[in-house]
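The following explanation leads through the structure of one protein chain. Please keep the sequence and the coordinates at hand while reading.

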Amino acid sequence: MVERRGRVVEDENVTEPRRNEVDLLVVGGGPAGLEAALLAVRARLSVRVVDRGRDDASLRRNARATLTEGTIGLDHVPPSEVRARARQSLGRHGLEVESGTVTSIVREDAMLVASLEGGAVVCARRVLLASGLHDVLPALPGLAQTWGQSSFSCPYCHGFERSGPHAITGRWGVLAHEVAALKMAPLYTRWAREVVLFTDGLEPPAELRRV
């Protein structure tokens, strides 16, 4: 039964809106997921954000990082403060990050139905998977223990602070297991006085030897 322009008509094809129905479900509450959620809610879309690792540092890729480095407006800001600022931005639009785990997503007609651990269900017109990355480290003794402290994956993120405050200093080691990584080796001389290349048996191409 539907009311249209002041009169009531029978319509067997009209169904009640689903509970927990939104325009967008964002799975993952890291920087990418929160940015997407902010833009979507500002576009007047209904949004829900579900994040498994919101309160568990071990589930975050940057768990060992003490500072966010190289991000405009957030350079040298602790990751915890970045997350707090992001949640405040979403909160101004009435959106909160929910702690939970999405266990499955299936299509039902025009909707995507996400089941959460514990039995809750979210119906969304679109789903954005922003569950983040997980670093798979080589099985080298000591690498896991030094990861995020003296071993890193990105020189742009961490190189400046570890090259010396006023000049290029120190010796860096580069683990290279493929040709693309070998070709990046000269790049590291922007931050390190000396670069030692560990090829794991991979033969550097001739053009790299001439650099």
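Helices, of at least four residues, and strands, of at least two, are DSSP runs numbered from the N terminus. In this predicted model, Thr-68 lies in the loop that joins β4 (47-51) to α2.

Is Thr-68 buried or exposed? Residues under 20% relative accessible area are classed as buried; Thr-68, at 16% relative accessibility, is therefore buried. Which residues does Thr-68 contact once its neighbours within four places in sequence are left aside? They are Leu-74, Asp-75, His-76, Val-77, Pro-78, Pro-79 and Val-82.

From α1, Leu-34, Ala-37 and Leu-38 take part, and they meet Ala-86, Ser-89 and Leu-90 of α2. Classified by type, five residues of this contact are nonpolar and one is polar, while none is charged.

The average pLDDT of the protein chain is 84, and 87% of the residues score at least 70. Over residues 1-18, however, pLDDT remains under 50. For residues 1-18 the model has 17 contacts beyond four places in sequence.

Methods: Residues are numbered from 1 along each chain as its sequence is written. This is a predicted model: local features need pLDDT of at least 70, side-chain atom pairs count only at pLDDT 80 or more; totals for chains, interfaces and linings use all residues. Side-chain values use heavy atoms; hydrogens and water are left out. pLDDT is the predictor's confidence in each residue, from 0 to 100. Contact means heavy atoms within 4.5 Å. Ala, Val, Leu, Ile, Met, Phe, Trp, Tyr, Cys and Pro count as nonpolar, Asp, Glu, Lys and Arg as charged, and the others, Gly among them, as polar. Buried means under 20% relative accessible area, exposed over 50%, partly exposed in between (1.4 Å probe, protein chains only).
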